[in-house]
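Let us go through this structure by question and answer. Have the sequence and the 3D view ready.

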Amino acid sequence: MTIMTERPTAIESPLPEALEAFDDMLRIVEELDTPDGYKAELIRGKIVVSPWSKLRYLRPMRRLRSQVEAHAPEGHVTETSPFLFSFPHSERGFGPDLFVADEAAFDADGRHADGAALSLVAELTSTLTKDVEWLDKLDTYGRLVPVYLVLDMQLQEVTAFWDPSPRGYRSRHSVPFGESLHVPAPFGFELDTSGFVSHRDDDEGTQEA
């Protein structure tokens, strides 16, 4: 029996070591029956189950989506649905809080889309998962995804990363909530962050090192 907690939980693969290739692990993530309100991702070679965003994050998420969607590249869809994107070269499988991706990527069969279809991803941090957003996801997105937005709900600021390269993003810019942030190409607009202000997490400061 798997016991779910608020802290992201690593689940060891039931397959023998010889079969623990990326595709096998990704299939396990796809088939994992997670409880309502939780998502499964493939991070650092392990399946990690963590809760979806807090209820109070709904308002900033909706305001972010409406602005990004209005400037999305032609043929790209903006969603907060729990879809999994694979990054084979990094052996990762992420389910972004918000994403913009080529709609054609969803014409295929299967339960995950190619990370190369993404034009933008956005993550809202929590005290329990922000290391993943700021480290592992930043490194993976930074090699492929044109724009990455991190809404740091603890620091009350938003950071835009862009210009991906084999070593990660070459450019970044941060502003506190309430100031406008330029979202670069292929979007090219000024993001109004005044509606992103939220109460700080009650468990702020409890994150493990």
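Student: What should I know about the model before starting?
Tutor: Residues are numbered from 1 along each chain as its sequence is written, and side-chain values use heavy atoms, with hydrogens and water left out. Local features need pLDDT of at least 70, side-chain atom pairs count only at pLDDT 80 or more, and totals for chains, interfaces and linings use all residues, since this is a predicted model.

Student: How many salt bridges does the structure hold?
Tutor: A salt bridge is a side-chain nitrogen of Lys or Arg within 4 Å of a carboxyl oxygen of Asp or Glu. By that rule, the number in the structure is six.

Student: Which parts does the pair Arg65 and Glu79 tie together?
Tutor: The closest N and O atoms of this salt bridge are 3.7 Å apart. Helices (H or I, at least four residues) and strands (E, at least two) are DSSP runs, numbered from the N terminus. Arg65 and Glu79 are 14 residues apart in sequence, so the pair ties together helix H2 (residues 58-70) and strand S4 (residues 76-79).

Student: Are Arg92 and Asp136 buried or exposed?
Tutor: Their side chains meet in a salt bridge at 2.7 Å, N to O. Arg92 lies in strand S6 (residues 92-94) and Asp136 in helix H3 (residues 130-141), so the pair ties together parts 44 residues apart in sequence. Buried means under 20% relative accessible area, exposed over 50%, partly exposed in between (1.4 Å probe, protein chains only). Both Arg92 and Asp136 are buried.

Student: What is the relative accessible area of Arg170?
Tutor: Arg170 forms a salt bridge with Asp163, with 3.0 Å between the closest N and O atoms. Asp163 is partly exposed at 31% relative accessibility. Arg170 counts as exposed because its relative accessible area is 54%.

Student: Which residues touch the most other members of the largest nonpolar core?
Tutor: A nonpolar core is a set of buried Ala, Val, Leu, Ile, Met, Phe, Trp, Tyr and Cys residues joined through side-chain atoms within 4.5 Å. In soluble globular proteins, nonpolar side chains tend to be buried together. This core has 23 residues, and those touching the most other members are Leu64, Leu120, Leu149, Leu151 and Phe187.

Student: Which residues is Leu120 in contact with?
Tutor: Contact means heavy atoms within 4.5 Å. Neighbours within four places in sequence are left aside. The partners of Leu120 are then Val68, Leu98, Phe99, Val100, Val145, Val147, Leu149, Val183 and Phe187.

Student: How far apart in space are Glu41 and Gly95?
Tutor: Glu41 sits in strand S2 (residues 38-43) and is buried at 3% relative accessibility. Beyond four places in sequence, Glu41 touches residues including Lys46, Phe94, Gly95 and Lys137. Glu41 and Gly95 are 54 residues apart in sequence, and their C-alpha to C-alpha distance is 6.4 Å.
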